Amino acid sequence: MQQHAFYEDNTTLAQYLEFNYGEQWHGEPNFPKELADAALDAMDGRPLGRALDIGCACGRSSFELARKFDHVDGIDFSANFIRKCREMAADKQVHYARPEEGELVTYHERTLASLGLEQTTARVAFHEGDACALDPSFAGYDLVLAGNLIDRLYKPADFLTTVHERINEGGLLAIASPYTWMEEYTPKASWVGGFIKDGKEYTTLDGLKDMLAPHFRLLGEPRSLPFVIRETRNKFQHSFSEFSVWQKVSA
């Protein structure tokens, strides 16, 4: 299955709606909320004007950021995901059929009110877009959040080497990724890290440091954020995403 087809599949959509708005599994917190909270903590007194949630999936992080930011743009490559984001923003609720076993599903309604997010909708806008070729109008942000994105881009360097153009001076880039590089998403020549270079291990963090160095400095040490994606009643993906924060500096 091509990468774009995977994210347009209705089963995948239901899994990601559950991931964003559903129950918590195996003792782990809701990842999109934790991701937004970590990014908000990193702002630490910086302006909270405009934020970009790139790779926003079904929108939970965007709504969470809008608790504090004046405006949040959520962008995702998946038309299905953006359709559900807009539905949640307009209706303040979504419905989906959660996979259970084989063809069996259960039906669920999730609301922004139950999450304390019903007042955020006026400050959020959702757009279809390609992180590797974003429209120039998406600029002037105090925060760009890229959650579980870079290892699913066909050319992550195109995003990483131009993202500074979208961030205000002193603003932040927050990246979270499990670094699960796979050739069906990203040609091996375009991986940011996870290979041998000059006879030594070259990690994705090494690659991020090299690509971002001209315009960013790493703030503090990266940390791991756990996440659980429920596929069916009996199958879960339990993973960890490395969260790093980068401040834009004068070139």
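**Close-up views of a predicted model**

The largest cavity has a volume of about 100 Å³. The model is predicted: local features need pLDDT of at least 70, side-chain atom pairs count only at pLDDT 80 or more, and totals for chains, interfaces and linings use all residues. Residues are numbered from 1 along each chain as its sequence is written, and side-chain values use heavy atoms, with hydrogens and water left out.

View 1. A cavity here is a set of points on a 1 Å grid over the protein atoms alone where a 1.4 Å probe fits but cannot get out; lining residues have an atom within 4 Å of a point. Its volume is the space filled by probe spheres set on the points, which are joined across faces, edges and corners. The lining of the largest cavity consists of Glu18, Phe19, Glu23, Gln24, Trp25, Glu28, Pro29, Asn30, Phe31, Val228 and Arg230. Helix H2 (10–21) and strand S10 (216–232) are the elements that give two or more residues to this lining. Helices (H or I, at least four residues) and strands (E, at least two) are DSSP runs, numbered from the N terminus. By class, the lining holds five nonpolar, two polar and four charged residues. Nonpolar covers Ala, Val, Leu, Ile, Met, Phe, Trp, Tyr, Cys and Pro; charged covers Asp, Glu, Lys and Arg; the others, Gly among them, are polar.

**View 2. Ala14 in helix H2.** Ala14 lies in H2. Ala14 is buried because its relative accessible area is 4% (buried means under 20%, exposed over 50%, partly exposed in between, with a 1.4 Å probe and protein chains only). The C-alpha atoms of Ala14 and Asp142 are 31 Å apart, across 128 residues of chain.

View 3. The 13 residues of H3 (residues 31–43) should span 18 Å at 1.5 Å a residue, and the end C-alpha atoms are 18 Å apart, so the two agree. The expected span is 1.5 Å times one less than the number of residues. In H3, 10 of the 13 residues are buried, so the helix is largely enclosed by the rest of the structure. Among them are Phe31, Leu35, Asp37 and Met43. Asp44 sits in the loop between H3 and strand S1 (50–54). Its phi is near 45°, a positive value in a residue other than glycine. Asp44 is exposed, at 65% relative accessible area.

**View 4. Helix H5 and its ends.** Ser78 caps the N-terminal end of H5, with a side-chain oxygen 3.3 Å from the backbone nitrogen of Asn80. Just after H5, Lys92 takes a positive phi of about 60°.

**View 5. Strand S7 between two partners.** S7 (residues 167–177) is mostly covered, with eight of its 11 residues buried. S6 (residues 141–147) runs parallel to S7 and is joined to it by six bridges. Strands pair if DSSP finds at least two bridges between them. Leu143 has Leu172 of S7 as its bridge partner. S11 (residues 235–248) pairs with S7 in the antiparallel sense, over six bridges. Ser177 stands opposite Glu242 in S11.

**View 6. Thr204 and Trp181.** Thr204 lies in helix H7 (residues 204–212). Thr204 is buried, at 4% relative accessibility. Its side chain makes a polar contact of 2.8 Å with the side chain of Trp181. Such a contact is a pair of N or O atoms within 3.5 Å; within protein, one must be able to donate a hydrogen and the other to accept it, and residues adjacent in sequence count only if both atoms are side-chain atoms.

Key. 1 Å grid on protein atoms, 1.4 Å probe; cavity = no way out; pocket = protein on both sides within 12 Å on 5 of 7 lines; lining within 4 Å.
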